[in-house]
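Please examine the sequence and the coordinates shown here. The report that comes after them should be read alongside both.

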Amino acid sequence: MVLEIKDLYREIVNEHNLYPAHRGEMEKPDLILEGVNPSCGDDIYLQLKLDENGVVTEGLFNGSGCAISQASADMMLDLIIGKDKEEALKLAEGFMSMVRSTATPEQIEALDEAAALESIAHMPARVKCATLGWKTMQKMLNGEADKVSTENDLE
Amino acid sequence: MNIKEIRNDFPILANSNVVYFDNAATAQRPVQVLKAIEDFYKTTNANPLRGLYAWSVGATDAYENARSRAARFINAADDAEMIFVRNTTEAINLVAYSYGMEEVNAGDEIVISVMEHHSNILPWQMIARAKGAVLKYIEPETDGTITVDMIREAVTDKCAILALGQVSNVMGVANPVKEAAKIAHEHGAVILVDGAQGLPHVKTDVQDMDCDFYAFSGHKLPGPMGIGGLYGKRKLLENMQPFMRGGEMIEYVHRDSATYAELPHKFEAGTVNAADAAGLAAAMDYVDNIGYEAMEAQENEIVKIIMEGMKDIPHVHIYGPEDPALHHGIVTFNIDGCHPHDISSVLDEENIAIRAGHHCAQPLMEYLQEKCAMEFRATARASVAFYNTQEEAERFVAAISKVRKWLGFGD
């Protein structure tokens, strides 16, 4: 289902942006990583705690940016808390495919509420806002980078 | 000025319901400009300045006539002082490489302002680094005003180059460039004026301004993309090395040496953009036909409606001077709690096109964030042109009053 932009804000984005469930500062996170969109000034600090089996037990984000970047990060944390690393990365892959319009119906279904951001694929300038949290999480769990930028994301 | 007739000249506006308020990024083109480009390709297309046959001679004439037109438009003393380039960015880079690389020495100062577009910052960062010079910033008032005293304080005998925008693409204010030129010359420095945002709004006379270099883009004028101009004083240009090397800019080439063509061709390597130069000339004719005074009156009227309408909307903050007449068509603003990109996205659904982000002026965004407690390092910007209407301004204001609601706020 493709939502018009104002409907997308009204139905999903505003709630997560204005009343996020997972915004805050974590004491002693196991993993912390900053993700930025220099062109927007979006900035996200993602903080995770993982148990010995690699399951995400706690997750918070902090930072500032547009509603889509903040809401997307909040919805992502809704999804990945309680999931192990492998499942979380699989969801990230599904999200990336979704915003490029190449996701399978199963991948989209697995994204639950975050699937509402499917409409973003039709707004190329906003894709990098929606993917900021997810990209940051991917790099973090893969131990790849010390700072993530989605600036050159529109390959 | 008959606004209905004018809008009919712009096919993209005549057939659309879009409120185009991103004119500071690029203007729309009247049919006269489109026709000049089409005529060139339909009637006399050939490689200018080379061929010895009628079409090529015609192409050369179209190109050189456009040069004369552009020189006259800004009152350059001599057609050879008008170099065609792609845009303002290329013009400033040309001066940085061909003048700055040669003439700036270690310990010299290059003076610019915090309010400059990146294209009037990055070339000077490069020169300062390469030559061991100091890049010195003038900080404007929080409304964007740069006073003559601020310039006088910043420019000393150490200054080699003063580079200032004629009009800020974010704050809309015009800088006192004529006084700045006088100050630069008193200290033996040259002044470059970035006219990208100035020329579309301010009648410009480079001799009266007494600037050494003046850079502009055609596409904001409303001419074509891909053509712009660099004016430089003849004696400076003559002493400068070429910027790009290649075809058409030479006299003789040997295996290990070359001599270069006379001005202006020395700075126009490769096949030139003659069709768009012809389009630029048509844009200049178009502007002169309407007249800067009439354009300014219309733009100020629209800006006034926007600024007065927005003043009554809670949570809206406008940047720049209080007086709408000092804005040169530009209204930069923020709305509490709303990121500019979200504002722009919801307005897009109302068929209103504005710019949101850092406007290629990140140092200014940092400065505003610090001095004006700006929430995000970005702003929204509505920029109007002479073909915009009061109805469009009213539609815009009405939409702005709903943005907070659309983004989930209760008031």
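## Basis and confidence

This is a predicted model, in which local features need pLDDT of at least 70, side-chain atom pairs count only at pLDDT 80 or more, and totals for chains, interfaces and linings use all residues. Residues are numbered from 1 along each chain as its sequence is written, while chains are lettered from A and ligands numbered from 1 in the order in which they are written.

For the complex, the predictor gives an ipTM of 0.90 and a pTM of 0.94.

## Domains of chain B

Chain B is assigned domain 1 (33–288) and domain 2 (291–406); such bounds come from an automatic or database domain assignment. The centres of the two domains of chain B, taken over C-alpha atoms, are separated by 29 Å.

In chain B, 20 residues of domain 1 are in contact with 23 residues of domain 2 (contact: C-beta atoms, placed from the backbone, within 7 Å).

## Contact between the chains

Chain B contributes 15 residues and chain A 18 residues to the contact. On the chain B side, helix 13 (residues 340–349) supplies the largest share, 6 residues. Helices here are DSSP runs of H or I with at least four residues, and strands are runs of E with at least two, numbered from the N terminus.

## A sheet in chain B

Chain B holds an open sheet of 7 strands in the order 2-8-7-6-5-3-4, with mixed pairing; two strands pair if DSSP finds at least two bridges between them. Its edge strands are strand 2 (82–85) and strand 4 (134–138) of chain B.

Strand 3 (residues 109–113) and strand 5 (residues 159–165) of chain B run parallel and are joined by 3 bridges. B:Val111 has B:Leu162 in strand 5 of chain B as its bridge partner.

Conventions
Two residues are in contact if their C-beta atoms, placed from the backbone, lie within 7 Å.
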